Amino acid sequence: MRGAPDIRSTFFVSDTPRRPRRPAKPYRRPQKDPVRILAFEALRAVDERDAYANLVLPPLLRKAREKEGPEKFDGRDAALATELVYGTLRRQGTYDAIIAACVDRPLREVDPPVLDVLSLGVHQLLGTRIPSHAAVSATVELARVVLGDGRAKFVNAVLRKVAQDDLDGWLEKVAPPYDDDPEDHLAVVHSHPRWVVSALWDSLGGPRAGIEDLLEADNERPEVTLVARPGRATTEELLREEAAVPGRWSPYAVRLTEGGEPGAVDAVREGRAGVQDEGSQLVALALANAPLDGPDARWLDGCAGPGGKAALLAALAAERGAVLLASEKQPHRAGLVAKALAGNPGPYQVIAADGTRPAWRPGSFDRVLVDVPCTGLGALRRRPEARWRRRPEDLDGFAPLQRGLLRTALESVRVGGVVGYATCSPHLAETRAVVADVLKQFPEADLIDARPLLPDVPALGDGPDVQLWPHLHGTDAMYLALIRRTG
């Protein structure tokens, strides 16, 4: 045909023999790993919804246990998923510094889901005994499932760089020398924001060894501690559970070692016992045992949600013929308090009320507890993600509420009665500063020494207030000041 192209002129013709083409690799579907997929889902919930891992993970694990077939979890699966989630969150700051050294862009430009997968992989490489090749291959497979093949290649490249050294080697590379910047060094090595390191060091005082022990304790998995609610359960009953041992300080405490499941304990399911950190138990016991002048019939928990301290106080009050009023501002949290107190052996009342605008008359109570809202820096073992969410400016937001609640508590107790001011934060701005400010405005009140009310508990400081510590007492970093109204 006229004008038709010459086929020879449109293709390059070579006399060189062609190599036979390799057959294309068949596409391989990524292998789904239910444990790592669940861990990724939990991390995404924490990141996207500002959820807490201790609230997100249990229902995910429960659903996985109820499945049939290969995706059904057993105890080992649940333990691994829990370690992957909590270990990754605790060490997030350290892992971010290491990942940043292995990518060619600022970390903020890495998509959050990719960063979650990378963090899970880095934790397996540097924070567990999983062999390096297995950690890399399992994480790359996870990336193929949840991110796609393209980004899985990026994950593979980064993790292979990370796998070239161990954790100590990486810390030497990414952490500034201690002598140049002590707080930044500790922040990277122990995975805490710098401002939190500074605040904890100020509260703790003392040499470098003390703050390092505290920061490392924040990164350890805490034991589950139960409380036997008086009149409803006994420690002897709880100690019959597998891997149960007595508490260290509270006569009502039992610890579940080896990651015991509290939901499997009959007394917990029935509400006769509960999950409660031993530091929280000690705060309630100290208030209940503080000496009074006059009657001891009416007690108040002014910030009762979610109900752990209120349940213990109500049981102790019942033993003495006293009545507890549990007040909680948020209705849904008041519902949790009512559930915790259901079945108490003596009378009690639960109300939804604002503790700064009391629904009771001044001077109505003999004992008052206010465990005030705070930054939660004392419970970083249990809520590791909180350290990355909190900011120094959060202190200014809590300050007026904390002072208002303490003032109301002092107005609510009768002359001769005792107020307990408690908070799960050791930050001086939330502890001693609040108490000192309010006492300046309330001269007819005196601090009393709380230390004798925590018998056998060591290292309680110079008093009269008490600060508990994870590394010294095995508890959350609870603070307690006891104040007697004198006029």
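View 1. The loop holding Ala-304 runs between β5 (298-301) and α16 (308-319). Helices (H or I, at least four residues) and strands (E, at least two) are DSSP runs, numbered from the N terminus. Leaving out residues up to four places away in sequence, Ala-304 touches Ala-310, Ala-326, Ser-327, Glu-328 and Val-337; contact means heavy atoms within 4.5 Å.

Residues are numbered from 1 along each chain as its sequence is written. In this predicted model, local features need pLDDT of at least 70, side-chain atom pairs count only at pLDDT 80 or more, totals for chains, interfaces and linings use all residues, and side-chain values use heavy atoms, with hydrogens and water left out.

**View 2. Lys-309 sits in helix α16.** Lys-309 counts as buried because its relative accessibility is 11%. Not counting residues up to four places away in sequence, its contacts include Gln-276, Ser-280, Asp-301, Asp-371 and Met-478. An unreviewed UniProt entry lists both Ala-304 and Lys-309 under "binding site".

**View 3. The largest nonpolar core has 55 residues.** A nonpolar core is a set of buried Ala, Val, Leu, Ile, Met, Phe, Trp, Tyr and Cys residues joined through side-chain atoms within 4.5 Å. Val-85, Leu-126, Val-155 and Val-162 touch the most other members. Helix α2 (residues 34-49) gives the most to this core, nine residues. A second, separate core of 42 residues includes Ala-288, Ala-304, Ala-314 and Leu-316.

**View 4. Val-155 has contacts beyond its sequence neighbours.** Which residues does Val-155 contact, leaving aside neighbours within four places in sequence? They are Val-114, Val-117, Leu-118, Thr-139, Ala-143 and Leu-147.

**View 5. The second largest pocket is lined by 15 residues.** A pocket is an open set of points on a 1 Å grid over the protein atoms alone, where a 1.4 Å probe fits, with protein on both sides within 12 Å along at least five of seven lines; lining residues have an atom within 4 Å of a point. Val-46, Asp-47, Leu-89, Gln-92 and Asp-116 lie nearest its centre. The largest share of the lining, four residues, comes from α6.

Definitions and conventions:
Buried means under 20% relative accessible area, exposed over 50%, partly exposed in between (1.4 Å probe, protein chains only). UniProt positions are given in the numbering used here, feature names are shortened, and annotations may be inferred rather than shown by experiment.
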